[in-house]
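Let's take a walk through this one, from the overall build down to what sits inside.

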Amino acid sequence: MAIGIKSYRPTVSGSTHMVTAGHYLATASGYRILEQGGNATDAGVAAGITLNVVLPQWTNFGGVAPIIIHDAQKKETVEISGLGRWPKAANIDDYLAKYGGDLPAGIPRTVTPAGADAWMTALKLYGTMTFEQVVTPAMELAENGFPVPATLASYFAKSAGDDLTHETDDQVQWPSTVEIFYPGGRAFKEGETLVQKDLARSFKRLIEVEKKNASLGREGAIQAARDFFYKGEIAQEIVDFHQTNGGLITMEDLADFHVGVNAPAHGTYKGIDVYTCGPWCQGPVSIQALQILEGMDLNGMGHNSADYVHAVLEALSLAISDREAYYGDPDFVDVPMEGLLSKSFAEERRAMIDMKKAFGEMPEAGNPWRHQGMESPNGKPARPEPVGGGLQADTSYTAVIDRWGNAFSATPSDTIAYNPIIPGLGFIASGRGSQSWLDHNHPSSLQPGKRPRLTPNPALAMKDGKVLMPFGTPGGDVQPQSMVQLFLNVVEFGMEVQEAIEAPRVSTWGFPNSFWPHAYNPGFVGVEGRISPEVVEDLRKRGHAVEVWDDFTPRMGCLCAIHVDQERGSRNGGADPRRDGYAMGR
């Protein structure tokens with residue numbers, strides 16, 4: 001039965017194609033490509049690279065870009081692991097000795113840039129257009145500029161102060177970043193035009209290489225452009241800048257890097273297939289939480305009742321405790337994915353939920369090894385100690401469904417606060433090292449060539465082999481939490497996708513934060529102000545340390561999704577008013 005949640009925007013519906021993204025100009029870029037005859041991947045890459053231009057506070061072309069693609073003709077669903085690796089020269093002991101147990105922002109956190117490879121690999125394997133065609137909308141916005149929206153103006157003002165005298169973010173100390181984003185020592189105001197000439201020039205250089213190699217065919221020419229970034233002149237400029245500033249990245253690190261194209265993580269909820277990226281990110285948390293909740297009468301509890309909110313928070317807490325114990329780069333860590341995503345493990349974890357009492361601190365991790373017929377090869381994970389620190393939230397998201405039934409779901413990230421802009425290139429090299437641990441025993445420990453455990457994680461729901469809903473959000477550790485609530489709003493409570501996105505959300509933070517210094521606040525729960533005071537009081541009686549946030553807070557992310565009405569064939573797009581998201585289709 002549908003629940004009547006007031007929504008402030010209409011669901012955008014169409015029968016041909018649909019795109020949604022965390023910024024309206026990115027949505028426009030994707031729609032432009034769809035109207036030119038491109039498929040979901042063509043449009044998704046165009047929207048994603050545009051996000052890198054228009055949301056410098058949350059995403060970057062040299063950052064990360066995890067992607068899930070469904071190819072309807074091939075009947076194939078894949079993940080693209082758009083996440084960089086630590087330089088081969090990086091290791092924990094050196095870092096502990098050099099930085100005294102800290103992991104400083106900036107160059108020391110640099111991993112190989114992955115976004116460029118992810119976009120171009122997706123385009124080469126699953127697109128139909130040239131790199132020039134899909135990057136042109138983003139390149140025009142970088143070269144000609146775009147009006148700074150209130151969200152970006154607010155970021156600039158907070159990070160620098162109008163005259164750069166109030167230094168609250170590291171990027172104000174980096175001349176190459178200040179030159180572009182704080183010209184003349186002042187932050188951009190709302191409505192002023194932000195131009196990024198160096199970034200536009202980087203796009204043009206890649207286009208030139210693609211054109212020179214047109215004789216290799218579409219795929220070969222895209223690969224040549226990609227190699228120019230990772231093995232050619234651009235690579236050399238990245239390395240020169242980082243090594244001049246004490247960084248560890250080498251030409252070998254860049255030349256050896258490539259994103260993976262693999263089968264995604266998979267689970268089910270009441271006959272609906274749910275796909276996320278693998279345990280190199282936190283994606284499987286959504287699957288685990290949904291499979292724990294599958295055996296509970298959520299509809300009977302009532303939407304956002306105290307029982308329902310408690311059940312969701314506790315299921316998420318259990319899934320996230322398993323994330324802390326087991327998730328890491330599967331090239332380095334033996335992750336028990338079969339057990340983690342088994343229904344029997346979900347049932348075992350579900351039995352731990354006490355409907356009258358919150359866990360308080362992070363619950364103990366389960367033993368998924370037993371559910372794949374073996375004993376744990378590792379010892380029991382250590383309990384975390386409370387640590388102070390902020391709750392970081394960057395990233396953006398885009399989804400596309402085209403007329404042929406293909407789907408694209410991507411969560412690009414990495415802010416200009418992570419690392420200095422590389423002079424002449426206009427982008428950063430990913431600072432995702434912030435998501436590693438300086439602990440040899442942690443599954444996401446810093447190791448040479450290893451990937452940090454990533455927060456961005458796109459998802460895709462399918463039913464009967466056909467696309468049902470690509471969905472995702474920014475928001476650091478809140479991502480799977482908001483995504484689970486969106487999914488349940490649609491599947492359990494019958495909401496239209498826009499009202500499902502706008503409905504009030506809750507979040508738990510009783511676990512080590514994914515970002516350095518991995519703040520841990522046992523029992524802490526944030527809820528939006530539209531959750532009723534009676535529910536808040538009930539949750540507190542059960543032991544949740546509840547803090548009431550704004551009615552619509554970007555701390556809960558910026559969900560975007562496209563829901564397919566499989567009976568009628570319509571594509572229904574939704575986007576979150578908590579940030580700058582919009583949907584467009586026809």
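The radius of gyration here is taken over C-alpha atoms, and the globule rule is 2.2 Å times the number of residues to the power 0.38. With 586 residues, that rule puts a compact globule near 25 Å, and the protein chain comes in at 22 Å, which agrees. Along its principal axes, the C-alpha trace spans about 65 × 60 × 50 Å.

A quick word on ground rules. This is a predicted model, where local features need pLDDT of at least 70 and side-chain atom pairs count only at pLDDT 80 or more, while totals for chains, interfaces and linings use all residues. Residues are numbered from 1 along each chain as its sequence is written, and side-chain values use heavy atoms, with hydrogens and water left out.

Now for the inside. Buried residues (under 20% relative accessible area, 1.4 Å probe, protein chains only) make up 64% of the 586 residues. In soluble globular proteins, nonpolar side chains tend to be buried together. A nonpolar core here is a set of buried Ala, Val, Leu, Ile, Met, Phe, Trp, Tyr and Cys residues joined through side-chain atoms within 4.5 Å. The largest one has 88 residues, and Phe-61, Phe-156 and Phe-408 touch the most other members. Helix α2 (residues 40-54) gives the most to this core, with nine residues. A second, separate core holds 70 residues, including Leu-313 and Ile-531.

Zoom in on Phe-61: leaving out residues up to four places away in sequence, its contacts (heavy atoms within 4.5 Å) include Ile-49, Trp-119, Phe-229 and Phe-427.

Terms used. Buried < 20%, exposed > 50% of the residue type's maximum accessible area, 1.4 Å probe, protein only. Helix = DSSP H or I, 4+ residues; strand = E, 2+ residues; numbered from the N terminus.
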